[in-house]
Amino acid sequence: MASTSTIGPMPSKNADLDETWAYLNEGVDLIMNRLETGLSFPGYTNLYTTVYNYCTSTKMVGKQDGNRTGANLVGSDLYSKLHAYFIEHFKPMVDTCETLQDIELLKYYAAQWDRYTTGANFLNRLFTYLNRYWVKRERDEGKKTVYPVYTLALSQWKDVFFKQIQQDNRKLTTAVLRLITQQRNGETIDQGLVKKVVDSFVSLGLDNADLNKECLDVYKDYFEGPFLEATEEYYKKESDSFLTANSVSDYLKKVEDRLREEEDRVERYLHNKTRKELIAKCDDVLIRQHSELMWESFQVLLDFDKDEDLQRMYALLARIPEGLEPLRKKFEHHVKTAGLSAVSKLIESGESADSADPKAYVDALLEVHRKNSETVTRSFKSEAGFAASLDKACREFVNRNAATGSSSTKSPELIAKHADMLLRKSNKMAEEEDLEGALNRVMVLFKYLEDKDVFQTFYTTKLSKRLIHGVSASDESEASMISKLKEACGFEYTNKLQRMFTDMSLSKDLTDSFKERMSQNHDDIDITFSIMVLGTNFWPLNPPPHEFVIPIEIVPTYDRFQKYYQTKHSGRKLTWLWNYSKNELRTNYLNQKYILMTSSYQMAVLLQYNRNDTMSLDELVAATSITKDIMSQVLALLVKAKILINEEKDQYDLNPHFKSKKIRVNLNLPIKADVKAESSDVLKAVDEDRKYVIQATIVRIMKARKTMKNQALIQEVISQISQRFAPKIPDIKKAIETLLEKEYIERVDGSKDTFAYVA
């Protein structure tokens with residue numbers, strides 16, 4: 001069992017300073033040097049009482065010393081004795097430290113610190129009365145270098161012991177830094193020992209104005225500053241030598257590990273406030289100073305899809321302010337090059353620029369976008385700057401590439417044609433979800449189109465054909481695509497498309513009510529007939545450019561419908577689009593009955609053979625009023641299908657021996673004139689629309705602004721319209737001139753380049 005140390009008899013209540021201190025000194029020494037031998041409770045109580053008795057001693061109260069009362073002097077005497085005790089206490093410790101180095105020094109220092117602070121805590125309680133009255137009063141009177149006993153003990157440790165050791169080439173700090181270096185080199189060290197020593201640096205900081213406030217002066221001056229310098233030196237040397245022997249990819253892993261270690265170091269034995277400066281220092285030495293090298297190797301990582309390395313490089317360079325911008329620029333260039341090269345390969349592999357396959361074209365563009373979009377999400381954490389670089393590059397190669405040449409309308413045309421193929425019945429998309437996904441992918445490219453109005457016009461034209469010929473995959477898919485376009489461009493953009501569906505639904509009802517009326521009034525009608533009445537403003541359809549003689553076989557039905565429609569809607573004019581109509585004819589002249597699916601022009605030609613076995617080209621043109629150019633193409637299709645025989649030049653006979661494997665024979669194939677006309681019609685329509693859009697935009701701006709300078713007006717028009725198409729400055733100037741002529745706007749007197757709105 002441990003023995004309890006005893007001290008001599010307690011002095012009387014009225015003992016003088018020497019007698020009192022002789023007794024207290026024994027107790028203080030026991031507490032500071034031999035506390036492990038034990039101190040009995042009565043012994044501790046006697047020491048406490050002795051301090052109390054001396055501080056309240058009545059014989060001292062009457063003495064005066066200048067303005068100081070006896071109580072003040074009593075406190076001062078005891079405080080001075082303690083002060084002197086601490087100074088003596090450190091002498092052997094300083095001597096011991098002179099003989100120690102590195103780990104031995106740290107172990108000795110930490111052990112002494114533990115013992116000393118434990119003892120000082122006991123003394124602080126022992127001298128409670130001194131702290132509570134004398135020390136408090138002295139500090140209240142402004143004497144900020146008088147401390148409570150525990151703080152006095154720390155102050156003496158710092159001034160007499162700590163600074164003395166540090167005088168020898170910062171011996172203590174150097175020993176700690178050496179251990180940290182060993183740990184960085186992969187050796188195992190006693191982290192608890194480092195923490196104890198570093199914590200003592202924190203504890204030694206004193207704010208004289210407020211003793212409860214944490215003060216890091218000692219920690220910063222004696223540890224943090226040298227530690228950061230050593231860190232910089234260590235990592236500078238390591239990174240330089242590592243990079244001469246290893247690849248940038250390996251270096252990225254190394255830096256990642258080192259940064260993790262330093263974060264861990266802060267957690268384990270540094271003060272939390274060091275984190276910011278330590279990490280900033282590491283970022284500077286390990287990343288900023290080698291950023292050029294990282295930027296240079298970025299392209300190689302992209303080319304070889306080094307996903308993990310890209311993630312690392314992004315995460316590291318994101319830590320420094322200027323780190324990512326060069327990567328974003330390189331990434332933009334990379335994506336643009338990939339897009340241009342994908343289209344070039346397509347053209348080289350046999351697709352001519354004019355006849356590029358819409359599906360192959362769209363697939364090539366989407367593949368580049370998909371791949372790089374995944375890189376942005378995965379490697380660059382969807383960072384806004386990289387997403388913007390991707391968008392910028394895509395906008396560039398989607399609008400200008402090997403397939404488009406110098407035309408700004410080619411890309412919207414090909415994408416619209418691809419959408420048309422997707423939405424046709426003939427499309428082999430297995431599931432509804434597949435089609436929905438494919439439409440979503442079309443919208444990805446759509447958002448990059450500069451001339452969205454060209455896409456819209458082609459799309460509208462293709463939609464009209466799908467609806468007229470009944471070849472839409474489904475109403476749901478059509479509605480889905482329109483809602484996507486509406487979401488991307490607003491109600492204005494899709495207004496016409498939605499009206500087309502309304503017309504289709506009204507036409508179905510109209511056909512039903514007409515048939516019902518006919519069955520009541522005309523039981524002799526033997527022609528199955530359905531009609532589509534389409535609003536001129538919403539459908540991009542042009543009537544035939546030539547006269548058309550309606551075959552007598554369908555005239556009764558034609559007349560009856562005209563009259564019926566006028567009774568329902570008087571004042572409306574019907575223009576018949578024979579060039580879009582289609583028919584089914586039954587053959588009665590062959591052993592096998594066939595149904596021929598024809599265009600109206602083919603029908604008009606074939607019905608002539610109800611009355612003639614052979615006809616010349618001129619006779620057919622005269623009988624139908626179809627132009628010679630179109631008639632030649634119509635006849636060529638019928639000859640190719642072997643319905644007609646053309647043995648003599650410009651003479652056409654009905655083939656009495658026609659045979660086909662199919663009962664229903666489709667003759668209604670597009671003729672070249674139609675295909676060519678479609679593209680040129682669309683582009684003409686786009687140009688016309690643009691004129692009005694620019695004029696309407698100018699009027700809208702001028703109405704709001706009242707007056708505006710020419711340059712500002714042009715810029716405002718460009719910014720408002722660029723969502724729909726890229727307007728050309730000469731077109732805007734032409735529109736301004738037109739509006740000046742029409743007196744919507746006028747020039748301001750005395751100012752050549754300012755316009756005013758005319759109300």
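Where is lysine 642 found? In this predicted model, lysine 642 occupies the loop that runs between helix 26 (628–640) and strand 4 (644–648).

## Backbone at two lysines

Lysine 642 is not a glycine, yet its phi is positive, at about 70 degrees. With a relative accessible area of 55%, lysine 642 is exposed, because exposed residues are those over 50%.

Lysine 381 also has a positive phi, near 50 degrees, in a residue other than glycine. Its location is the loop between helix 16 and helix 17 (384–399). As background to both cases, most residues other than glycine have a negative phi.

## Packing of helix 16 and helix 18

Two packed helices are described by the angle between their axes and by the distance between those axes. For helix 16 (residues 358–379) and helix 18 (residues 410–422), the angle is about 105 degrees and the axes are 8 Å apart. Since angles of 65 to 115 degrees count as roughly perpendicular, helix 16 and helix 18 are roughly perpendicular to each other. On the side of helix 16, the contact is made by Pro358, Lys359, Tyr361 and Val362, while helix 18 contributes Ser411, Leu414, Ile415, Lys417, His418 and Met421. By class, the residues of this contact comprise 6 nonpolar, 2 polar and 2 charged.

## Tyrosine 361

Tyrosine 361 belongs to helix 16 and is one of the residues that make the contact with helix 18. Its relative accessible area is 0%, so tyrosine 361 is buried, the limit for that class being under 20%.

Beyond its neighbours within four places in sequence, tyrosine 361 is in contact with Val343, Leu346, Val398, Asn401, Ala403, Thr404, Ser411, Leu414 and Ile415. Among these, Ser411, Leu414 and Ile415 are also listed for helix 18 in its contact with helix 16. Isoleucine 347 is 14 residues from tyrosine 361 along the chain, and their C-alpha atoms are separated by 9.2 Å.

## Tryptophan 539

Which loop holds tryptophan 539? Tryptophan 539 lies between helix 22 (491–521) and helix 23 (555–568). Despite this loop position, tryptophan 539 is buried, with a relative accessible area of 5%.

When residues up to four places away in sequence are not counted, tryptophan 539 touches Ser464, Leu467, Ile468, Met500, Asp503, Met504 and Leu534. Tryptophan 539 and isoleucine 718, which are 179 residues apart in sequence, have a C-alpha to C-alpha distance of 28 Å.

## The second largest pocket

The volume of the second largest pocket is about 320 Å³. Its lining consists of 15 residues, of which Asp687, Arg690, Lys691, Ile694 and Asp731 are the closest to the centre. The lining divides into 4 nonpolar, 5 polar and 6 charged residues.

Helix 27 (672–705) and helix 29 (729–741) each provide at least two of the lining residues. The largest share is that of helix 27, with 7 residues.

## The enclosed cavity

How many cavities of 30 Å³ or more does a search of the whole structure find? The search finds 1. The space within the largest cavity amounts to about 40 Å³.

Pro11, Ser12, Lys13, Ala15, Thr20, Thr50, Asn53, Tyr54 and Ser57 line this cavity. Helix 2 (residues 41–55) gives the most to the lining, supplying 3 residues. In terms of class, the lining of the largest cavity has 3 nonpolar, 5 polar and 1 charged.

Definitions and conventions. Residues are numbered from 1 along each chain as its sequence is written. This is a predicted model: local features need pLDDT of at least 70, side-chain atom pairs count only at pLDDT 80 or more; totals for chains, interfaces and linings use all residues. Side-chain values use heavy atoms; hydrogens and water are left out. Axes are lines fitted to C-alpha atoms, for helices over the stretch in contact, and angles run from 0 to 180 degrees between N-to-C directions. Helices (H or I, at least four residues) and strands (E, at least two) are DSSP runs, numbered from the N terminus. Angles under 35 degrees count as roughly parallel, over 145 as roughly antiparallel, 65 to 115 as roughly perpendicular and the rest as oblique. Contact means heavy atoms within 4.5 Å. Ala, Val, Leu, Ile, Met, Phe, Trp, Tyr, Cys and Pro count as nonpolar, Asp, Glu, Lys and Arg as charged, and the others, Gly among them, as polar. On a 1 Å grid over the protein atoms alone, a cavity is a set of points where a 1.4 Å probe fits but cannot get out, and a pocket is an open set with protein on both sides within 12 Å along at least five of seven lines; lining residues have an atom within 4 Å of a point. Grid points are joined across faces, edges and corners, and a volume is the space filled by probe spheres set on the points. Buried means under 20% relative accessible area, exposed over 50%, partly exposed in between (1.4 Å probe, protein chains only).
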